[in-house]
Amino acid sequence: MIKIVLPLMLIVFAAAWSACAKDRFESDTFPAPEGDLKIAFIGHGSLLFSFNGKNVYVDPFGKLADFGALPRADLVLITHEHGDHMDKEAIAKLRTKDTAILLTEACAKEVQGGTVMKNGDTKTVGDFKVEAVPAYNLVHMRSAGVPFHPKGAGNGYVITFGKKRVYVAGDTENIPEMKALAGVDIAFIPMNLPYTMTPEMAADAALMLKPGILYPYHYGETDVSRLLALMKDRKGTEVRVRKMQ
């Protein structure tokens with residue numbers, strides 16, 4: 001009897017531990033007839049979307065969490081090859097034989113078995129439609145003429161969960177291609193200076209995107225209150241701040 005009960009107890013404990021680890025992050029839930037969308041704000045550029053029993057991770061970064069204690073991934077999206085966005089060990093902890101990984105060309109050199117998406121590509125993985133969109137710098141440069149994020153190298157992603165379109169911008173500035181994404185339901189906009197956007201740039205991005213909800217994320221030491229001030233009279237967009245430094 002002990003040999004049968006003990007493994008069962010371990011399975012139950014592991015499931016409870018996984019749920020507890022998942023719930024220790026701030027989270028928001030968006031109810032919908034087609035299924036609730038829950039977003040866990042892991043931190044920095046790392047996000048977990050849970051929808052109809054499936055888990056979608058964006059840029060899991062091992063310094064933020066023990067990903068081995070979190071639910072396994074059905075889908076992982078990697079925006080670009082920088083180490084705080086493409087963490088091979090974190091991906092390995094989340095991955096199963098059935099996990100789909102969508103990533104950039106540079107990331108595919110480091111993470112085996114993924115599917116490369118270029119700017120403009122669209123793929124359907126299970127219940128999820130994923131669109132890869134541009135993510136790059138126009139202003140902030142590593143050195144003269146060398147942007148921190150060159151055009152064409154990185155992706156932002158638009159993921160469709162039921163009827164909700166969620167835009168995770170990746171490392172980018174307020175680029176003109178955002179105009180084509182106007183009307184997304186939820187947008188994650190980076191403000192990690194000097195690598196991505198100033199609050200003024202983020203407010204301009206919001207003007208182009210017109211999201212129902214805007215989350216500043218991956219914002220480092222940037223003053224988020226400045227964005228709140230810029231957006232306070234903006235109709236149609238709610239700004240929500242979560243722990244995403």
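Exposed means a relative accessible area over 50%, buried means under 20%, and partly exposed lies in between. Keep these cut-offs at hand while touring this predicted model.

**Stop one: Lys-97 and Asp-98.** Select both residues and show their side chains. They meet in a salt bridge, with 3.3 Å from N to O. Is Lys-97 buried or exposed? Lys-97 has a relative accessible area of 78%, so it is exposed. Asp-98 is also over the 50% cut-off, at 59%, and therefore counts as exposed.

**Stop two: Arg-242 and Asp-28.** Select this pair next. Their side chains form a salt bridge, N to O, at 3.0 Å. The two residues come from distant parts of the chain, 214 residues apart. Asp-28 belongs to strand 1, residues 26-30, while Arg-242 sits in the segment after strand 16 (238-239). Colour both by accessibility. Asp-28 has 9% relative accessible area and is buried. Arg-242 is buried because its 19% falls under the 20% cut-off.

**Stop three: Glu-238 and Arg-240.** The closest N and O atoms of their salt bridge are 2.9 Å apart. Glu-238, at 39% relative accessible area, is partly exposed. Arg-240 is buried, with 19%.

**Last stop: the whole structure.** Zoom out. How many salt bridges does a search of the whole structure find? The search finds 10, including the pairs visited here. In general, side chains with opposite charges can pair when their charged atoms come close.

Methods
Residues are numbered from 1 along each chain as its sequence is written. This is a predicted model: local features need pLDDT of at least 70, side-chain atom pairs count only at pLDDT 80 or more; totals for chains, interfaces and linings use all residues. Side-chain values use heavy atoms; hydrogens and water are left out. A salt bridge is a side-chain nitrogen of Lys or Arg within 4 Å of a carboxyl oxygen of Asp or Glu. Helices (H or I, at least four residues) and strands (E, at least two) are DSSP runs, numbered from the N terminus. Buried means under 20% relative accessible area, exposed over 50%, partly exposed in between (1.4 Å probe, protein chains only).
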